[in-house]
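The sequence and structure come first.

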Amino acid sequence: MLVGAVSGFLAVNETGSLLQGVAAGVAAGLAASALHAFFTVTLHANQIISGLGITIAGTGLAALLGRSVVGLPPRASFEDVDVPLLGSIPGVGDILFSHHVLVYVGFVLAPAVWWVLRHTRLGLHVRAVGENPAAADAMGVPVTLYRYGAVLFGGALAGLAGASLSLAESPGWSEGMTAGRGWIALALVIFATWSPLRVLLGAFFFGALDVLAFRAQIIGVDVAPTVLGMIPYVATLVVLVVVTLLGTRRRLGAPEALGVPYVRDG
Amino acid sequence: MDGAPVSAEQPLVALRGIVKEFSGVRANDGVDFELRAGEVHALLGENGAGKTTLMNVLAGLARPDAGTVEIRGDDTAVRSPRAAIDRGIGMVHQHFRLVDRFTVAENVTLGWHAPKALLRRRPLEREIARLSELYRMPVQAGRPVWQLSVGEQQRVEILKNLYRGAQVLILDEPTAVLTPQESLALVDSLRRMAAEGRGIVFISHKLDEVMAVADRITVLRRGRNVATVATSDTTQGELARMMIGHDLPQAAAPDDRQAGAGVLRLDAVEADDDRGLPALRGVDLEVRAGEIVGLAGVAGNGQLALAEVVVGLRPLSGGRVLFEDRDVSGWSIARRIGAGIGYCPEDRLRHGVAPTLSIAENLIAKSYRRRPVSGRLLLDRRGARRAAAELAERFDIRGADLDAPVASLSGGNVQKVLLAREISADPRLLIAAQSTRGLDVHAAEATRRLLLEQRNAGRAVLLISEDLDELVRMSDRIAVIYEGRIMGTFPAHEADEEEIGLLMAGRRP
Amino acid sequence: MTSGVRRSLRATAVQITAVVVGLALGGLSLAAIGVSPYDGISSLLEAAFGSELALTQTALKAVPLALTGLAVAVCMRMRLWNIGAEGQFHAGAIGATWAALAFPTGSTLVLVPLMVVAAMAAGAAWALIAAVPRALWGVNEIITTLLLNYVAILGVAYLVTGPWRSAAGLNFPVTDVFGPGARLPALGGGLLHVGVLFPLVAAAVLLVLLQRSRWGFTVRMIGASPQAARVAGMSTARSVVGIMLIAGALAGVAGMVEVSMSFGRLRQGISPGYGYMAILIAALAGARILGTLAISFLFAGFVVGGFALQALGVPQSFVLLLQGLILFSALAGTALTRRPRMLGRPPGRRGPAHVAKEEPSTP
């Protein structure tokens, strides 16, 4: 994400084109995740170690690449776009339909991912590879290919998220500008019990808390922003414990083969 | 044989001179195999004879080091399971390759490259219903696999292959998980498939079922062909000789001593399995000193749960476990071990030993709390070593560097490490689960002899096995378990295979 | 024994090669941004290990890294992922600060031990929040420890902006400066203080505990095979809680050392991610105790040397990239040297072991 943010920003600075900025962010995310995929899928390295390595190295790399542009205003950034008609619906319009383009991309992507996973052959195969790669392999699903695909897709999205930060959310680049959002995304997935649709809802909830923490004093809410900031983490913790305790793991749990490298026998 | 067309000109499948090595050991050493359309062809051999390896080569799961695979005259190498499926080869493994959380329909269509990118559940479920009707293999297409019985899961595996038009169906020990009655139904389904011109490979080490199902039989021994014969031209005795290569040593016949006092008593015991479904539904069972009680049953009927509640690995949801007249239901595992309950679990490398720790460390894994292995606070290294060396000597654990990881030992020696550890603790009750599974003939006999010695020394032994012959040979009494209930208990010398078979299937004769 | 020694030698060789390759790759990336790789790397190493002062600073920097590294490594020994050393570090800092603020005039002899104990207790308590659900219900500790990090960091933020905010802090979110009794006694004449001994003592205790004690045997057995350990009557739950408490206490002490010596008060940003670097360190060390000490010293050197790089226009964060590169070199090295069918694969996963059933066993 950080790598995506800085690459996006750099590319815009170089080219002045937002489209290329977004493309660069996505490409950077792809590159980082390709490394992750190579190590975890091909070399069977531990995913936690590799993921953490990517995070730490990515932080360093982003700082290195972005050292000359810290604090510079961008040559271009995304403007908010009111969706015609929808944007003028009183109440809802402002909230849902008056954002920069990338927000809409997020709105559309989450249900799209859900639909693909649930209703297409591609989705069936992705889920099978996550649940029981040996079964998928025996049925001729190319496990390695799908795992690379999934990791790369994730990397591209993270890169996109980074670009949306540096090009739209708070245009510009500073070290550590993602402020741990990649980690909270992890919490979000568990909070949403592995459903892309619930992820979108959860993101609203977490985002709302974020904004509330920021504006608490302005609105006159007498809660320390730091305490509000804890809520997403504590809530996720509770969800995790409850899901485990209820024994509903089979319906709501993580894919069975999460984190397990697949080694074919023989 | 009901007149299935046996074409002599071109076999469906021909494997020639297959060689496959695993870390220096030749699992297949120049094996030939031929399958014709319309036949059920049994692949017979002991564990380790190379049957599964050979079929993994055909199914694209293992690549041969030498030899050719010819499918309908085409000898292009089968590089992947997918390539095998595309060429009409389907395999049902011993351990099913099903995605638990998927429905039957989703499992059936998984990996199938139909022209449509969208999943359309309706037509899929109709097709599954048609196939299951045609071959008399009832399944419910919409249910998730984890809710199905083992027999149903096997049917899903078979349907999966039929759905993608398999002309060759390989079944690896398919009856190991079935009741005799379910096995009969399976054989009937397979005959129907063969009658349509498919070729069926039936891997087994059971003589009687091979005689019942197969048209032809190929016998393998230590990775080589022994013979291929027509079923009508051979006898069980001849097959046994071909399979083993020599006569079996007989276990000591049970003598007529009287069993002593009751050591273990289960009193209306109930327990749940890992999924929270009932695994034991009111089990009553007694094991006395100086007797072996054999627990017979089809895999997955509560045997494992029964062993686990006695050892303390699984909590009770009802009833009591009495050990030497004391209620041990609430005791910790360690306390039960201390009281004299020994356990050789079924999955040796997973539950029995820690594979990466050394032989010595595994040998002392239960005695580490006591002298001479333990000092007051720290372990006594020298004492531990001496204790381990003595055990290795006494139990004849051969070729062992005590500091080498247990995983470097053969299956038979791992079993010895486990038995040595359990027996040296001087238990008054020993539970042995599937103790000879996967061992070669000699290691299996050595294991049986050790268990008989324990009985003769006055210990109570609970023997859990899926091998009926073994149970009848070893036990003093046999108890049959079905769906978590004891269906009947009777002296082993009164055992009647058919009666046991019916009890195993849940029917009281 | 011999095979064990050989394996450990091979692992060490991989680690050393990985450091060299990682440094080389780091040099290349410096070249890519127009800084001479030789100048960059040599000034980094010079500033880290080239003088007595440099070594002293590196040793001091190594304290939090080594303690948190050990906190992660002991858990790895039992197949537990302690991602929460960062949080336990912050909890320890809170505990130590509580002691220091409660007894501002305490003498060193009383206050320092009290701070250490308070930090250990707070760190252990923080670890316990994740350990208990894990031990009782199998709740994934990777996630819980990670989540608790943020709660702990925000907890520090809450305290320094709220109840513990110093009136004399010019409105900055900091606590009062600790009294002189809250500082660790110096060691020798220079900058060194007794804190540098903490990792060494911890390592010695851990070695005896793991290799020689009865409890350590159960930990190793559980680490090698949780199921087999359970069958042998060992209580996994008790060991999980025990090892997590130890880990939390270790990381907590690291937090104490930092607030006592580096800052002299509690404030935000007391850790540049020690708890995460600790995971890389423990992984690189293969969860071995002495290896963890060695690699944390190395990484501490990089952090110290990183400041020197700023003179060349290279941001301090470059060392993060360097650490990542070393890690990936090590991962690649391990994968390359791994024998194809070695049985070191974690057992208990579905798959190969079952399918391999019919292969002949080696006599």
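## Contact between the chains

In this predicted model, 29 residues of chain B and 30 residues of chain A make up the contact. The two chains bury about 2,500 Å² between them, and carbon and sulfur atoms give 56% of that area. On the side of chain B, the residues that lose the most area to chain A are B:Arg101, B:Leu110 and B:Leu119, together 25% of what that side buries.

## Polar pairs and composition

Between chain B and chain A there are 2 salt bridges. One of them joins the side chains of A:Arg127 and B:Glu106, at 3.3 Å from N to O.

Four elements of chain B each supply at least two residues of the side that touches chain A: strand E1 (13-22), helix H2 (81-86), helix H3 (104-109) and helix H5 (150-163). The largest share, 3 residues, comes from H2(B). By type, the residues on this side of chain B are 14 nonpolar, 4 polar and 11 charged.

## Sheet of chain B

Chain B has an open sheet of 3 strands in the order E2-E1-E4, with antiparallel pairing. Strand E2 (25-35) and strand E4 (66-71) of chain B are at the edges with a single partner strand each, so one side of each has no neighbour in the sheet. Neighbouring strands are turned by 20° against each other on average, direction ignored.

E1(B) and E2(B) pair over 8 bridges in the antiparallel sense; B:Lys20 stands opposite B:Asn28 in E2(B). Helix H1 (residues 51-58) of chain B packs on the sheet and touches E1, E2 and E4 of chain B. The direction of this helix makes about 115° with that of E1(B).

Terms used: Residues numbered from 1 in each chain as written. Chains lettered and ligands numbered in written order. Predicted model: local features only at pLDDT ≥ 70, side-chain atom pairs only at ≥ 80, totals over all residues. Heavy atoms only, no water. Contact = heavy atoms within 4.5 Å. Buried area = accessible area lost by both parts, 1.4 Å probe. Salt bridge = Lys/Arg side-chain N within 4 Å of Asp/Glu carboxyl O. Nonpolar A, V, L, I, M, F, W, Y, C, P; charged D, E, K, R; others polar. Pairing = 2+ DSSP bridges. Axes fitted to C-alpha atoms, helices over the stretch in contact; angles between N-to-C directions.
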